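Keep the 3D view open while you read.

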Amino acid sequence: MNSDQQRLPFQVVMSIKRIKGLPVETIQTLFDYLSDLTWGWALVPLLVVIGLYFTLMTRFVQVRYFGRMFKLARPDAQTKTGQVSGWDALMVSVGGRVGGGNVAGVAVAVTLGGPGAVFWMWAIALVGMCTSLIECTLAQVFKRRSEDGTFRGGPAAYIKHGLGPNYRWLVLVYSFCLLASFGFGFNAFQGNTISTAVEDSLGISTVTTALIIGPLAGLIVFGGLKRIVKASDAIVPVMCFIYILMALAVIAINITELPRLVGMIVANAFGWEEAVSGGMGAALAAGLKRGLFSNEAGLGSAPNVAATADVKHPVSQGILQSLSVFIDTIVICSCTAFIVLLSPVYQPGGELTGAPLVQQSLALHFGQWAQYLLTVLLFMFSLSSIIYNYYLGEVAMTEFSKSKTAIFVLRVLVVACVMLGAAAPQATSVFFFSDPLMGLLAVVNLMVIVTLLPVVLRMLADYRQQLASGKHEPVLDACRFADLDIDRGAWK
């Protein structure tokens, strides 16, 4: 679908409607300018530079605690209080980060940037692991216990309680951007991803898919946080395991080609072996952008989920969410890259790209049945992202209204957006504001976590000291941080 086709319904609406006398074309132009200002030149360098700054300031914490990530990631490490566990929050987060972009987006990146794009995806993931640890630790520090006993938090909470009440306006800006982009816009795009993949692969109409995915998503989101957690616990491990298994099978079949491929990835990354026009520059740009878009580190989305976990120390959840970035980019994105690069279908700079490239690559490796399995996996990837996006929208909505009516209306609108995107793919052009608003909320979040970095450094020092003293599992004593606005009831 080209951009002209996507914008057709939007242009029809603009020809007959005006908002308070302001042409809607002007509104779109303003959002395009905001997108250029953030994603175009400011945000990607910011994410890279700030991620490197965090890595140096924490003395490569993501490397030092790499082994501990896997010790904390235990499915049996459930809480005895009925709360969301660290593992639960990890699964919801992985389900949100891993989406259709891990398949189609990676295929586009290696087509545009060549094999070297994979190397730069790995590099930015290692940096992003630290950024994610910082923001998710802050989410835990400033989380609040809600009326139903669950924990809530995220950037809105650490702006409010970390920076102080004078920044209430910034909380509202962030929450509006989160609600509009993730709650509505990106859910329409996920519905679109599911329906087009099913139509291309199985020949099922987009309307039929909409009638299936809408009620299914509704069944989950209307169940609230606990049902979202249960759904993620069921979906995410299965979809990741199957996809990783497929990639390992491809590698095993082509094991003799693996050394050559790894060498080609490194050579192309540094311009020693040009695969596409632009050489190292094209590989760097494609790899960095794909990695950043995929793992969401620093964008301020994952901390909303990280805050729900009942853990003994904020840094423990920060470490787990760092692992989420590793799973998303180093593992899942690499699976797509190896499936494509080990296939004769792949041509650097070729016309065949995106999900169709992955489908045809799998068909050549295993036969036609593999592309049908990929369609099922894409369905699962998108469904997990939908429920994740909904929860982010719910967290944002509570900053404007906590009434049950408001939450009910939000759930109805989210399901409607999913069905609209699935049934009428061209209608997603209505949500042109999603990327620019996500860019804005990312800039807000980055500035806040840089400001609050000293809080995280204190938490890391406390965590490190407890481990050094022989304590197997560090515990936060909120009384030791009396100068911080911490909800002590959340840390009993």
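This is a predicted model: local features need pLDDT of at least 70, side-chain atom pairs count only at pLDDT 80 or more; totals for chains, interfaces and linings use all residues.

## The enclosed space

The largest cavity holds about 50 Å³ of space.

Which residues line the largest cavity? The list runs Leu47, Gly51, Ile124, Val127, Gly128, Thr131, Leu292, Ala297 and Leu446. Sorted by type, the lining has six nonpolar residues, three polar ones and no charged ones. Two helices, H2 (24-57) and H7 (116-141), each put at least two residues into this lining. H7 is the top contributor, with four.

Thr131 is one of the lining residues, and it sits in helix H7. Is Thr131 buried or exposed? Its relative accessibility is 3%, and the cut-off for buried is under 20%, so Thr131 counts as buried.

Setting aside residues up to four places away in sequence, Thr131 touches Gly51, Phe54, Ala297, Gly298 and Ile449. Two of those names, Gly51 and Ala297, also turn up in the cavity lining.

## The nonpolar core

In soluble globular proteins, nonpolar side chains tend to be buried together. Here the largest nonpolar core has 162 residues. Which members touch the most others? They are Leu138, Met239, Tyr243 and Val358.

Once neighbours within four places in sequence are left out, Leu138 is in contact with Tyr158, Ile449, Leu452, Val455 and Val456. Ile449 is also on the contact list of Thr131.

## Ring pairs

How many aromatic pairs does the structure hold? The count is 13. One of them joins Phe186 and Phe189, with 6.5 Å centre to centre and 40° between the planes, a tilted arrangement. Both residues belong to helix H9 (residues 168-202), and because they are three residues apart there, about one helical turn separates them. Phe186 is buried at 12% relative accessible area, while Phe189 is partly exposed at 29%.

Now for Tyr243 and Phe381. Their ring centres are 5.7 Å apart and the planes meet at 85°; edge-to-face needs an angle over 60 degrees, so this pair qualifies. The pair links distant parts of the chain, with Tyr243 in helix H11 (residues 224-253) and Phe381 in helix H17 (residues 369-397), 138 residues apart. Elsewhere, Phe66, Phe70 and Phe326 make up one aromatic cluster.

## The second largest pocket

The second largest pocket has a volume of about 820 Å³. Its lining has 27 residues, and the ones closest to the pocket centre are Ser146, Glu147, Arg152, Thr398 and Lys402. Strand S3 (144-145), helix H8 (155-163), H11, H17 and helix H18 (404-423) are the elements that give two or more residues to this lining.

What is the split by residue type in this lining? It comes to eight nonpolar, seven polar and 12 charged. Compare the largest cavity, whose lining has no charged residues.

Pro155 lies in helix H8. With a relative accessibility of 0%, Pro155 counts as buried. Beyond residues up to four places away in sequence, Pro155 touches Tyr174, Gly300, Pro303, Asn304 and Asn445. Pro155 and Ala396 are 241 residues apart in sequence, with a C-alpha to C-alpha distance of 9.9 Å.

Gln359 has its place in helix H16 (residues 354-366). This residue counts as buried too, at 9% relative accessibility. Again leaving out residues up to four places away in sequence, Gln359 touches Ser201, Gln371, Leu374 and Thr375. Gln359 and Ala370 are 11 residues apart along the chain and 7.5 Å apart in space, C-alpha to C-alpha.

How values were computed
Residues are numbered from 1 along each chain as its sequence is written. Side-chain values use heavy atoms; hydrogens and water are left out. On a 1 Å grid over the protein atoms alone, a cavity is a set of points where a 1.4 Å probe fits but cannot get out, and a pocket is an open set with protein on both sides within 12 Å along at least five of seven lines; lining residues have an atom within 4 Å of a point. Grid points are joined across faces, edges and corners, and a volume is the space filled by probe spheres set on the points. Ala, Val, Leu, Ile, Met, Phe, Trp, Tyr, Cys and Pro count as nonpolar, Asp, Glu, Lys and Arg as charged, and the others, Gly among them, as polar. Buried means under 20% relative accessible area, exposed over 50%, partly exposed in between (1.4 Å probe, protein chains only). Contact means heavy atoms within 4.5 Å. A nonpolar core is a set of buried Ala, Val, Leu, Ile, Met, Phe, Trp, Tyr and Cys residues joined through side-chain atoms within 4.5 Å. Rings of Phe, Tyr and Trp (its six-membered ring) pair if their centres lie within 6.5 Å; planes under 30 degrees apart count as stacked, over 60 as edge-to-face and the rest as tilted.
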